[in-house]
Amino acid sequence: MLVSWNWLKQYVALDMDREELENRLAMSGLNHEGTETVFDDLAIDLEVTSNRPDCLGHIGVAREIAVLYNLPLSIPTPAPIATGPDVNADFSLTIESPELCPRYTGRIIRGVTIGESPAWMQEQLRTVFAPISKDWKPVNNVVDITNYVLMECGQPLHAFDLAKLQGQQIIVRAAHDGEEFEAIDHHTYQLTPDMCVIADANRPVAIAGVMGSADSEVSDSTVDVLIESAAFSSMATRATSRALNLHSPASYRFERALDPEGIEWAANRACELVLEHCGGTLDEGWLDAGATAWSPEPVIMRLSQVERILGISIDREEVKRILLALGNTETASDDVSLTVTPPTWRRDLAREADLLEEIARIHGYEKIPEDVGVPMAASFKSDWDRVAAKLRTTMTAIGFDESLTASVVPNEWTQVYSPWSEKAPLRTASPMLKGADALRTSLVPSLLEVRRINQSLANPNVELFETAKIYLPQDEGLPQEQWTLGITSGQGFGHLKGVIETVLQAFKIEGQLEVDSTSQDLLHADYSTSLKLNGEHFGFLGEVNTAGLKSFSLRNPATVAEIRMDLLVQHATLIPQHSQLSNFPATTRDLNIVLSETVRWDALAATIRNAVEASLLEDITYQETYRDPDRDGADVKRVLFTVKLRRTDQTMTSEEADAVRSQIVAAIEAELGGKLLG
Amino acid sequence: MALQEFLDQLEQLVSEAETNFGAAESTDALEEARIEFLGAKNGKLKAVQKLMGTVEKQDKPVAGKTFNETKGRIESAFEVAHARIQGDGSDTESDSQFDPSLPGSGFKIGRVHPITQTIEELKDIMGRLGFSTVDGPEIEDDWHNFVALNIPDDHPARDPLENFYLATAEANSGEKNPVGLLLRSQTSTVQIRVMEKTKPPIRIISLGRVYRPDTADATHYPMFHQIEGLMIDTNVTMADLKSVLRLFATSYLGDDVTIRFRPSFFPFTEPSVEADYYWNGQWIEFGGAGMVDPNVLTAVGYDPEEVTGFAFGLGVERLCMRRHGITDIREFYKNDVRFLAQF
């Protein structure tokens with residue numbers, strides 16, 4: 001909102017330093033955005049929050065200044081003299097859509113002389129319009145007056161050329177579907193039934209609260225004018241303005257809750273100025289339909305609440321002065337409270353809390369101390385936070401960078417890879433980024449896209465992880481938001497599996513990590529697995545296949561994994577316990593076993609574990625697998641591993657270790673058909 | 001010879017050699033022991049090496065590998081004993097080829113994303129001030145994102161163009177999404193969820209991703225991170241708010257700062273303010289704040305006559321950009337590994 005320095009002076013004395021004023025306005029709610037010189041005037045740019053439409057006119061800003069500096073405010077009291085015939089005699093007004101237009105008024109002035117508006121008015125309008133519209137020009141005296149009153153009090157007006165209104169009537173109605181409308185800006189707009197129009201007997205002559213039509217505007221040939229002053233639905237005005245991408249100073253104000261009393265004041269003010277500067281005679285009475293159903297209710301301001309909420313005490317007299325200067329009227333009071341009725345232009349003041357804010361901002365927030373003793377309180381770190389922090393430490397320690405990617409992705413990505421859910425993803429009504437309107441059901445496609453971006457930047461070594469939510473649709477209600485760790489690496493399956501195992505070690509998760517084959521379109525048929533932790537589904541791990549790489553334009557191999565973070569939290573040992581360590585040396589035995597290809601390592605390891613007393617077996621270390629079909633036959637492999645044995649009560653003898661080895665060998669032979677080599 | 005037998009002999013040799021070298025008290029004794037185990041002609045190691053010929057062919061790779069390891073272990077045991085007997089003597093020998101300026105063995109470490117780093121720091125600071133972190137859903141319903149936050153039906157913040165509502169019908173599959181759900185536009189939703197389940201006193205921060213339809217440019221991104229604080233108790237005032245924000249900013253910036261309030265407008269607080277901090281000779285926007293609106297307290301079942309509270313919210317990206325000199329918000333979500341490596 002641009003205000004003119006000279007204009008403001010009409011209502012309040014501006015003897016203070018301008019910069020100080022700008023600062024005080026900023027500190028009391030009208031943020032100062034800048035000031036520029038326009039000829040011999042100043043245009044001061046003030047940011048007005050959406051709850052203060054009263055400050056979208058000079059009078060409202062002047063009132064703020066008067067309150068801040070404790071100065072008198074002088075506002076004109078327009079009283080145009082009507083000497084013409086009864087306006088309702090041969091003109092009718094109907095509101096067909098009261099939900100879009102609660103009240104509509106019109107006054108008719110006949111026999112005006114169209115010409116230039118007075119120089120002072122042109123100059124003040126120039127100050128507030130020229131800085132935002134470089135080719136701004138005054139229009140004519142009638143139109144300038146409606147704009148002047150708009151910028152004076154914030155109530156938008158519109159002037160019609162009465163001769164262009166067909167059928168001697170105004171109908172406020174919903175637009176017909178597909179109805180065409182040529183506005184003053186000479187663009188044609190297609191209207192829809194949720195939009196409100198001002199129509200004559202035959203066609204719309206204005207989009208309510210937004211813009212008038214080109215062929216009903218006041219021109220040099222206009223003789224009689226109808227001045228509209230009305231209230232329009234803020235939601236409908238906003239929707240219309242958005243839908244048509246047509247924004248005007250009028251629509252900006254109608255989108256907010258305007259002063260219902262402003263309708264008559266503004267009409268009177270405009271009529272008075274037209275009579276003064278354009279001549280003509282004002283018809284007796286008003287075209288007036290509908291009513292604004294709102295009137296302010298008294299509010300009780302308990303003085304004790306000032307200290308209770310603001311933390312400072314303010315004198316009763318100061319509280320009262322502020323409230324009354326802002327336009328509230330005192331209706332009743334007692335020792336502990338003031339009862340006031342807020343002014344009609346402050347629809348945001350309806351409760352004690354609203355008045356408290358007024359008192360605080362005018363009294364000055366700088367008076368609230370910033371060094372009071374806030375009581376101490378214990379804070380708690382959730383297990384989830386501890387796990388997430390440790391996870392990041394672990395992942396970065398082993399060389400992975402953390403990435404953050406968008407939650408909403410192109411729908412194709414959810415079709416390429418969605419192992420957690422077979423349901424169609426949730427979609428946003430409008431895309432978040434170009435082409436992206438699906439709530440992701442996996443982090444993997446996003447991470448592959450990051451690989452592609454880094455490839456295009458010729459970055460080697462793209463090793464990334466992300467911890468974020470995926471959104472799994474449910475049959476009804478809110479989706480399941482699953483915190484997920486996603487990982488991508490340029491190295492192979494074994495590497496990434498090692499990463500997951502390392503993560504489990506970092507959390508001292510003792511449970512079994514199980515691996516099953518699973519088929520995923522994106523992944524290599526052999527290197528595609530589903531993971532289980534302690535029997536519960538934990539995640540997915542695999543290498544992207546050639547087609548998958550191609551679909552993300554990747555030239556180099558990529559491995560991907562995703563695991564559920566809730567299981568990490570569930571199984572993590574966050575407070576590890578000490579156990580007594582054996583002081584006796586460990587001994588190791590290497591074993592080289594020939595067995596069928598069908599026996600997986602996990603089966604072999606389980607057999608070994610079962611074969612040995614748990615307290616003796618400290619570790620099983622896989623060494624390598626090799627094959628010699630000439631000697632061993634087809635579908636047979638040799639697996640070399642080491643077992644580490646230790647007793648807690650004495651040194652394990654060579655004979656004991658050999659005996660354990662024999663138990664292992666016997667178990668492998670019995671359960672898996674494997675044989676010790678050599 | 002069986003492989004295991006061979007391996008056992010090697011293991012035994014190591015332990016014998018270690019014992020002997022360890023027992024040597026003079027250069028001569030050690031030399032004697034060296035010849036016994038490592039002697040080129042008749043050393044025990046040499047003798048065992050000859051046995052390798054008798055190991056089965058398929059076991060040769062393992063046998064060879066283990067033999068070499070064993071040799072290394074015995075040699076290093078000798079070196080240790082030698083150094084012990086010589087005192088500093090062995091360290092005085094010059095290695096003219098050694099270049100200490102060569103780079104050490106490198107380790108690749110990863111980086112935590114700068115946004116996460118910022119969030120963690122803010123969480124730490126607020127934790128020291130007694131605020132615990134809470135988490136909540138990113139997809140929200142009308143009640144938590146608007147109604148309970150005192151945002152009425154006709155408020156511009158509810159405009160479909162200001163929010164990412166979920167599509168109500170899936171054109172292709174015919175499946176229906178629940179009506180009125182949206183990606184949360186603020187993390188205050190989590191505060192509502194906590195207050196609905198918890199009695200005062202409350203001291204929490206909620207943080208995470210929020211979504212608003214902005215065209216992505218250098219300073220806007222349709223997804224960003226917010227951190228919001230909430231304190232509710234029987235006697236919380238705006239002076240407490242200002243004091244907590246001052247401690248917060250002072251902790252974050254590492255030096256004493258002062259806080260200024262400018263009036264603002266948020267539906268869920270009354271009074272509402274923009275908080276600025278004074279730093280390096282200028283006022284810098286910190287975030288929005290205010291006293292929790294009585295309607296919000298009522299909506300979650302609190303009595304505004306019993307308790308009061310404050311809330312504040314900060315944009316994480318903006319703080320992070322200012323702190324690290326990042327000029328384009330889109331860098332955060334591009335994940336150029338060179339960018340990530342800078343933090």
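Axes, in what follows, are lines fitted to C-alpha atoms, for helices over the stretch in contact, and the angles between N-to-C directions run from 0 to 180 degrees. The structure examined here is a predicted model.

**Exercise 1.** Describe how helix α12 and helix α15 of chain A are placed relative to each other, and name the residues through which they meet.

*Solution.* Begin with the two stretches: α12 of chain A covers residues 383-397, α15 of chain A covers residues 493-506, and their axes come within 10 Å and cross at roughly 135°. Next, classify the angle: angles over 145 degrees count as roughly antiparallel and those from 65 to 115 as roughly perpendicular, while values left over by the classes count as oblique. α12(A) and α15(A) are therefore oblique to each other, and their crossing is right-handed. Finally, look at the contact itself, where A:Lys390, A:Leu391 and A:Thr394 of α12(A) meet A:Thr502, A:Val503 and A:Ala506 of α15(A). Sorted by class, the residues of this contact are 3 nonpolar, 2 polar and 1 charged.

**Exercise 2.** Carry out the corresponding description for helix α18 and helix α20 of chain A.

*Solution.* The first step is again the geometry: α18 (residues 601-611) and α20 (residues 654-672) of chain A pack at an angle of about 130°, and their axes are 9 Å apart. That angle makes α18(A) oblique to α20(A), and the crossing of the two helices is right-handed.

**Exercise 3.** Determine which residues of helix α10 of chain A are buried, and what they pack against.

*Solution.* Within α10 (residues 316-325) of chain A, the buried residues are A:Val319, A:Ile322 and A:Leu323. Viewed down the axis of α10(A), these buried residues fall within an arc of 95°, so they line one face of the helix. Their packing partners in chain A are α3 (58-69), β17 (299-302), α9 (304-310), β19 (337-341) and α11 (352-363). Following the chain onward, α10(A) is followed by A:Gly327, whose phi is positive, near 110°.

**Exercise 4.** Characterise the contact between chain B and chain A from the side of chain B.

*Solution.* Start with the totals, which are 80 residues from chain B and 83 residues from chain A. On the side of chain B that touches chain A, helix α8 (residues 238-253) of chain B gives the most, with 7 residues. By class, that side of chain B holds 40 nonpolar, 18 polar and 22 charged residues.

Conventions: Residues are numbered from 1 along each chain as its sequence is written. Chains are lettered from A and ligands numbered from 1 in the order in which they are written. This is a predicted model: local features need pLDDT of at least 70, side-chain atom pairs count only at pLDDT 80 or more; totals for chains, interfaces and linings use all residues. Helices (H or I, at least four residues) and strands (E, at least two) are DSSP runs, numbered from the N terminus. Angles under 35 degrees count as roughly parallel, over 145 as roughly antiparallel, 65 to 115 as roughly perpendicular and the rest as oblique. A crossing is left-handed if the near helix is turned anticlockwise from the far one by less than a right angle, and right-handed if clockwise. Two residues are in contact if their C-beta atoms, placed from the backbone, lie within 7 Å. Ala, Val, Leu, Ile, Met, Phe, Trp, Tyr, Cys and Pro count as nonpolar, Asp, Glu, Lys and Arg as charged, and the others, Gly among them, as polar. A residue is buried if 20 or more other C-beta atoms lie within 10 Å of its own, exposed if 12 or fewer, and partly exposed in between; C-beta atoms are placed from the backbone. The arc is that of the directions from the helix axis to the C-beta atoms.
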